[in-house]
Protein chains: 2
Amino acid sequence: MADEITAAVILIGNEILSGRTQDVNLSFLAGRLNELGIQVKEARIISDNEIEIVDAVNFLRTRYDYIFTTGGIGPTHDDITTDSVAKAFGVGLNYHPKVYPILKSYFEENGYDANEARMRMARIPDTATLIDNSVSLAPGFQIENVFVLAGVPKIAQAMFDGASKRLRRGAKILSRSIRCHSGEGTVAEALKALQMTFPDVDMGSYPWSENGVYGTTLVLRSKDSSLLNSAYDLVFEMVSSLGGTPSDETSS
Amino acid sequence: MADEITAAVILIGNEILSGRTQDVNLSFLAGRLNELGIQVKEARIISDNEIEIVDAVNFLRTRYDYIFTTGGIGPTHDDITTDSVAKAFGVGLNYHPKVYPILKSYFEENGYDANEARMRMARIPDTATLIDNSVSLAPGFQIENVFVLAGVPKIAQAMFDGASKRLRRGAKILSRSIRCHSGEGTVAEALKALQMTFPDVDMGSYPWSENGVYGTTLVLRSKDSSLLNSAYDLVFEMVSSLGGTPSDETSS
């Protein structure tokens, strides 16, 4: 489709793969990108390992319109994302002439030593443009279609919000949801038939259970609001006719 | 390392990539596998798309000792993991002679129609072995080194617990953590020096902030408890000498 704009997310950090940290950046980025009409097609979670980062960035950046990375741009020895992304693009990595003095003054004025570790955060790959960090100043950066964001969720979110105006917008995928008290197996066959009737409406089925009560949420997604509404009405009616007591659960 | 046992996790589902659902299966699996001495090296989140599933399974299963997938094994049309994994291995997919009668009786005895959609869950790839589902009966399966689990967290967890006794165990990675009130930039240089002194202890640094107070948690990981303890003592002392008021935050 001409107006489909795609993205991939690369979450970088041993702490996610060890189970120590529950990632929240993916759902944030996916939700915001979706609002801009950009579809996240794939996400990868990789360790703080140069080869893994270079390989993932170079594979994915040719495949999708935009790549977002989170994590690994801080001052410690395990923060190797900046170096790895510079290597992926084969460009130099130097103190940025604008960032260096700003960070140096900031650290000194706030009583911190502007030591080598802190000043590593002023290193930006050649040819990259900066992404502002309104939380803790040290910037992220964009190089071609790759956006390199911090791992701390509050900072990642601020960086994304600042950088998002640079993104092309696609046709937003609209979504409507129906919550019902039927099991998936009850609605599956009729839902499949409706899916075949509406190939341009993506119909997803998600079971839920709460306090021993269970049911299914049906999520309909499409770029075409009139198709979406027609499909919604028919799915709603189908669920009702099967005794599933449907209710609207569209969130936005 | 001879005793390193590795794994990758593949989370399958449009709902995670759209931002609708916050995944919790990865942190569960990563934590449990770590307890068994199996290191999760990579995770991928992909959509309900046959080509994507086949490619991810076939790429990763040659690269790691174990692969765990979650999602896409239910009764609805968007549940295509079973079909895709059968295709990845080039094996047939048929009603399983043990599973079929059990599921059929279960549905009939509980007042459900044993319709085609529900009975899809009795289809198991040839050569696969079953993984019990103590929650809702429909099983997962193992084929070679690939373990196919449900997406619903409670079911994924029950399946994993049942299947985990089949896994080879490696040397468990031990972990100790120090929480302190220094910023990462304060401890970074001394931490890097200690990391170089202890190449077999992986030292990670994770900033935190709570109610305007901020600091850093340093996580040390190693298979060798005496090395780990030596490194821990020196890192603790280093943080203390830099005024970071360290405290032990080792969780287990």
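The model is predicted, so local features need pLDDT of at least 70 and side-chain atom pairs count only at pLDDT 80 or more, while totals for chains, interfaces and linings use all residues. Residues are numbered from 1 along each chain as its sequence is written, and chains are lettered from A and ligands numbered from 1 in the order in which they are written.

The interface itself draws 42 residues from chain A and 42 residues from chain B. On the side of chain A that touches chain B, at least two residues each come from helix 1 (14–17), helix 2 (25–35), strand 2 (38–46), helix 6 (116–119), helix 8 and strand 10 (202–210) of chain A. Helices (H or I, at least four residues) and strands (E, at least two) are DSSP runs, numbered from the N terminus. By class, this side of chain A holds 15 nonpolar, 16 polar and eleven charged residues; Ala, Val, Leu, Ile, Met, Phe, Trp, Tyr, Cys and Pro count as nonpolar, Asp, Glu, Lys and Arg as charged, and the others, Gly among them, as polar. A pairing of strands also links the chains: strand 2 of chain A and strand 2 (residues 38–46) of chain B pair in the antiparallel sense over five bridges (two strands pair if DSSP finds at least two bridges between them). In this pairing, A:A43 stands opposite B:I45.

The sheet of chain A comes next. Four strands of chain A form an open sheet in the order 10-11-9-12, with antiparallel pairing. Its edge strands are strand 10 and strand 12 (247–248) of chain A, each of which pairs on one side only. Strand 10 of chain A is joined to strand 11 (residues 213–222) of chain A over nine bridges in the antiparallel sense, and A:Y206 stands opposite A:T217 in strand 11. Helix 8 of chain A lies across strand 10 and strand 11 of chain A, at about 170° to strand 10. Helix 9 of chain A also packs on the sheet, where it touches strand 9 (174–180) and strand 11 of chain A and makes about 5° with the direction of strand 9. Axes here are lines fitted to C-alpha atoms, for helices over the stretch in contact, and angles run from 0 to 180 degrees between N-to-C directions.

These helices also meet each other. Helix 8 (residues 184–197) and helix 9 (residues 225–241) of chain A pack at about 160°, with their axes 10 Å apart. Helix 8 and helix 9 of chain A are therefore roughly antiparallel (angles under 35 degrees count as roughly parallel, over 145 as roughly antiparallel, 65 to 115 as roughly perpendicular and the rest as oblique). Their crossing is right-handed, a crossing being right-handed if the near helix is turned clockwise from the far one by less than a right angle, and left-handed if anticlockwise. A:V187, A:A190, A:L191 and A:L194 of helix 8 meet A:A231, A:L234, A:V235, A:M238 and A:V239 of helix 9. This contact of helix 8 with helix 9 of chain A has nine nonpolar, no polar and no charged residues.

In chain B, strand 9 (residues 174–180) pairs with strand 11 (residues 213–222) in the antiparallel sense over seven bridges, with B:S175 opposite B:R221. Strand 9 of chain B is also paired with strand 12 (residues 247–248) of chain B, again antiparallel, over two bridges; there B:I178 stands opposite B:D248.

Helix 2 of chain B passes helix 7 of chain B in a right-handed crossing. B:N25, B:F28, B:L29 and B:R32 of helix 2 make the contact with B:P153, B:A156, B:Q157 and B:F160 of helix 7. The residues of this contact of helix 2 with helix 7 of chain B divide into five nonpolar, two polar and one charged.

Terms used
Contact = placed C-beta atoms within 7 Å.
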